[in-house]
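Trainee: I've got a model open and I'd like to learn how to read it. Could you walk me through it, feature by feature?

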Amino acid sequence: MGSIGTESPKVEVATVDVISTKGLIQNGHVYLDVRTVEEFQKGHVDAEKIINIPYMFNTPQGRVKNLEFLKEVSSACKKEDHIIVGCQSGVRSLYATADLLAEGYKDVNNMGGGYLDWIKNEFPVKAPKVKNDI
């Protein structure tokens, strides 16, 4: 059985759906995308305050946890910031949210369903422009 190689502390994680997330980021919440840089560059939630800090890295041996994750978040966000954590489907963001709450962040929510649900709801995304060479 595959494991993402993390053991997050037991904390109560609040999960919000993509509809609620859209409203929260429109009202100033930081959107923390914890997908890999490659995933992020292919397309991401269109938010004014968006940060990409991978929770996991892809390696030849599979995905491994970013051991600098909490340090990297602390350099970009304050513990009092209002943060929505999202990933591709909602699994990595659940672990990342638990880690942030255990670290003392006050207002952190997991976006259930992830980027896949965001796209399914046809919410705004930023994606690279496709060149049509004719």
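This is a predicted model: local features need pLDDT of at least 70, side-chain atom pairs count only at pLDDT 80 or more; totals for chains, interfaces and linings use all residues.

Trainee: Where is I84 found, and is it buried or exposed?

Mentor: Helices (H or I, at least four residues) and strands (E, at least two) are DSSP runs, numbered from the N terminus. I84 is in strand β7, residues 82–86. For burial, the cut-offs are under 20% relative accessible area for buried, over 50% for exposed, and partly exposed in between, using a 1.4 Å probe and protein chains only. I84 has a relative accessible area of 0%, so it is buried.

Trainee: H29 came up among the I84 contacts. Where is H29 found?

Mentor: In the loop between α1 (18–26) and β2 (30–33). H29 is buried, because its relative accessible area is 11%. Leaving out neighbours within four places in sequence, H29 is in contact with L24, K49, H82, I83, I84 and D107.

Trainee: What about H44: which residues does it touch?

Mentor: H44 sits in strand β3, residues 44–45, and is buried at 13% relative accessible area. Residues up to four places away aside, H44 touches D33, R35, I50, Y115, V125 and K126. Two of those, R35 and Y115, also go together: R35 lies over the face of Y115, 4.4 Å from the ring centre. A charge sits over a ring if NZ of Lys or CZ of Arg is within 6 Å of the ring centre and within 35 degrees of the ring normal.

Trainee: How many aromatic pairs does a search of the whole structure find?

Mentor: A pair of aromatic rings is described by the distance of the centres and the angle of the planes. Rings of Phe, Tyr and Trp (its six-membered ring) pair if their centres lie within 6.5 Å; planes under 30 degrees apart are stacked, over 60 edge-to-face, and the rest tilted. The search finds two pairs. Y55 and F69 have ring centres 5.0 Å apart and planes at 90 degrees, so they are edge-to-face. Y55 is in the loop between β4 (50–52) and β5 (56–59) and F69 is in helix α3 (residues 69–76), so this pair ties together parts 14 residues apart in sequence. Both Y55 and F69 are buried. W118 and F123 are also edge-to-face, at 5.0 Å centre to centre and 70 degrees between the planes. W118 is buried at 0% relative accessibility, and F123 is buried at 16%.

Trainee: At what angle do α3 and α4 pack?

Mentor: Two packed helices are described by the angle between their axes and the distance between the axes. Here α3 and helix α4 (residues 91–102) pack at about 70 degrees, with axes 11 Å apart. Axes are lines fitted to C-alpha atoms, for helices over the stretch in contact, and angles run from 0 to 180 degrees between N-to-C directions. F69, L70 and V73 in α3 meet A96, D99 and L100 in α4.

Trainee: And what is the phi of E122?

Mentor: Most residues other than glycine have a negative phi, and most peptide bonds are trans. E122 is not a glycine, yet its phi is positive, about 60 degrees. E122 lies in the loop between α5 (114–120) and β9 (125–126) and is exposed, with a relative accessible area of 72%.

Terms used. Residues are numbered from 1 along each chain as its sequence is written. Side-chain values use heavy atoms; hydrogens and water are left out. Contact means heavy atoms within 4.5 Å.
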